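Here is a short report on side-chain packing and charge pairing. Please keep the structure open while reading.

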Amino acid sequence: YVMAAHNELGKEGEDLAARWLADKGYKILHRNWQQHPYEIDIVASKGKFLHFIEVKTRKGDDQTRPESSVTKQKFKSLKWAVNAYLRQNPGNKWIQYDILAITVKRDGGKEYFLMEDVYL
């Protein structure tokens, strides 16, 4: 079984994101939490907040910014997933939607851009 290149990049991006967030003090609770047909890339806690994080990864030679691929429809799907998560895991008063954009540069360097408390 061979994964499509964009799936591999996405998986690598989620691994990078989990490590980066953990280094910033986030406690990773779930990765790829699913309630068919919806999915949350990362559920993490930090302070009193429960963070629902959409991870977007691009190669450095791609001209579009990773975060630009989070459309209103994608955000709507994320909200559906979060509502399902909160029904199954009640008691979290403080929630936040974040987008973590990762650009993997040609030289292998990585650029992280965290957009916090996003509403579309």
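## Salt bridges

A salt bridge here is a side-chain nitrogen of Lys or Arg within 4 Å of a carboxyl oxygen of Asp or Glu. The model is predicted. By this rule it holds five salt bridges.

Lys 74 pairs with Glu 54, with the closest N and O atoms 3.6 Å apart. Lys 74 sits in helix H2 and Glu 54 in strand E3, so this pair ties together parts 20 residues apart in sequence. Lys 74 is partly exposed, at 28% relative accessible area. Glu 54 is buried, at 3%.

## Other charged pairs

Asp 15 and Arg 31 form a salt bridge at 2.4 Å, N to O. Asp 15 belongs to helix H1 (residues 5-23) and Arg 31 to strand E1 (residues 27-35), so the link joins parts 16 residues apart in sequence. Asp 15 is partly exposed at 23% relative accessibility. Arg 31 is partly exposed too, at 34%. A network of salt bridges links Lys 11, Asp 15 and Arg 31.

Lys 105 and Glu 111 also meet in a salt bridge, at 3.4 Å, N to O. Lys 105 is partly exposed at 37%, and Glu 111 is partly exposed at 30%.

## Nonpolar cores

The largest nonpolar core has 15 residues. Ile 40, Val 43, Phe 52 and Tyr 85 touch the most other members. Strands E2 (38-46), E3 (49-59) and E4 (95-104) and helix H2 (72-88) each give two or more residues. H2 gives the most, with six.

Phe 52 touches residues including Ile 40, Val 82, Leu 86 and Tyr 97. A second, separate core has 14 residues, among them Ala 17, Ala 18, Ile 42 and Leu 100.

How values were computed:
Residues are numbered from 1 along each chain as its sequence is written. This is a predicted model: local features need pLDDT of at least 70, side-chain atom pairs count only at pLDDT 80 or more; totals for chains, interfaces and linings use all residues. Side-chain values use heavy atoms; hydrogens and water are left out. A nonpolar core is a set of buried Ala, Val, Leu, Ile, Met, Phe, Trp, Tyr and Cys residues joined through side-chain atoms within 4.5 Å. Buried means under 20% relative accessible area, exposed over 50%, partly exposed in between (1.4 Å probe, protein chains only). Helices (H or I, at least four residues) and strands (E, at least two) are DSSP runs, numbered from the N terminus. Contact means heavy atoms within 4.5 Å. Lists of a residue's contacts leave out its neighbours within four places in sequence.
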